[in-house]
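Please look over the structure before reading the points below.

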Amino acid sequence: IVGGTEAVPHSAPWQVAIFIDGQYFCGGSLISNEWVLTAAHCADNAIFFNILLGSHNVRLDAADEPTRVEVRSTEYTVHPEWGPVRIINDVALIRLPNPIEFTPEIQPICMAPSTEGDHVGDMLHISGWGKPSDDAAGISPVLREVDVPCISNAECAQTYGATITDGNICVDTTGGKGSCNGDSGGPLSFVNNGVHNQVGIASFGSSAGCEVGLPAGFARVSYFADWISSVTGLVI
């Protein structure tokens, strides 16, 4: 997250950290006691995921973060029409090996149903452990967050062209506020009376950098709600 602040620890108890094959990092969101929602480009061709739930500082030893639960998962489903070239249908689901026990620090997020509005003009919330600046050497040890305005897909397509489809939702990163490398797969949410409703999954940004002010693209959860339901059996 660039241009943001450190999150209050455990204020986003659905946020999970995903270490992929011991070498890549992504975010994700807990959507039930056995499913994690993330980006297809995080999961595609992966062998295993080490998933941290209830974490704030992912660089601490487990003993120093008693709220943390770490699970290893190998079962996942990537959207059947995931297209890595155009970055379309960038959504995947990871199944936990056993149902997780909810705690104050480990809770699921609500998901936008297929009837959700487009949120153009609304302020949306992004969280993640991604790079805190373009020149940062790596991910942030602590969870960070930022609020950004949603823009129309037409405006987003002025930058990204045919990459933008009905399956995307975009945000304005003017002023260098937005997602960055390592935030992929994490939640974009609309906060209504204190309740977070996940409307997007972090997908891509400008190759020119995270702080240049060009739009950031997310997979639109409402567009994929029926697919998510078909895989998980969850009612959204």
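At 1% relative accessibility, Phe49 counts as buried, because buried means under 20%. This is a predicted model.

**Aromatic rings**

- The structure holds five aromatic pairs.
- One of them joins Phe49 and Tyr76, whose ring centres are 5.2 Å apart. Their planes stand at 85°, so this pair is edge-to-face, the cut-off for that class being over 60 degrees.
- Phe49 belongs to strand β5 (residues 49-53) and Tyr76 to strand β7 (residues 75-78). The two residues are 27 residues apart, and their pair links distant parts of the chain.
- Tyr76 has a relative accessible area of 24% and is partly exposed.
- Tyr160 and Phe204 also form an edge-to-face pair, with 5.1 Å from centre to centre and 85° between the planes.
- This pair, too, links distant parts of the chain: Tyr160 is in helix α2 (residues 153-160) and Phe204 is in strand β14 (residues 195-204), 44 residues apart. Both Tyr160 and Phe204 are buried.
- Phe19, Phe25 and Trp129 are linked into a cluster by ring pairs.
- A charge meets a ring at Phe48: the charged end of Arg72 sits over the ring of Phe48, 4.0 Å from its centre.

**Nonpolar cores**

- The largest nonpolar core has 59 residues, and Leu37, Ile51 and Ile228 touch the most other members.
- Strand β2 (residues 15-20) gives the most to this core, with five residues.
- The core lies between domain 1 (5-9 + 110-222) and domain 2 (15-108 + 225-232), because both give residues to it.
- Leaving aside neighbours within four places in sequence, Leu37 is in contact with residues including Val91, Leu93, Met111, Gln198, Ile201 and Ile228.
- Another core, of six residues, lies apart from the largest one. Among its members are Ile151, Cys156, Tyr160 and Cys170.

**Strand β14 and its partners**

- Nine of the 10 residues of β14 are buried, and the strand is mostly covered.
- Strand β9 (residues 110-111) pairs with β14 in the parallel sense over two bridges. Met111 has Gln198 of β14 as its bridge partner.
- Strand β13 (residues 187-192) pairs with β14 in the antiparallel sense over six bridges, and Leu188 stands opposite Gly200.
- β13 and β14 form a hairpin with two residues between them. In the turn, Asn193 has a positive phi of about 55°.
- Strand β15 (residues 216-220) pairs with β14 in the antiparallel sense over four bridges. There, Arg220 is the bridge partner of Gly200.

Notes: Residues numbered from 1 in each chain as written. Predicted model: local features only at pLDDT ≥ 70, side-chain atom pairs only at ≥ 80, totals over all residues. Heavy atoms only, no water. Phe/Tyr/Trp six-rings, centres within 6.5 Å; stacked < 30°, edge-to-face > 60°. Buried < 20%, exposed > 50% of the residue type's maximum accessible area, 1.4 Å probe, protein only. Lys NZ or Arg CZ within 6 Å of the ring centre and 35° of its normal. Core = buried A, V, L, I, M, F, W, Y, C linked by side-chain atoms within 4.5 Å. Domains from an automatic or database assignment. Contact = heavy atoms within 4.5 Å. Pairing = 2+ DSSP bridges.
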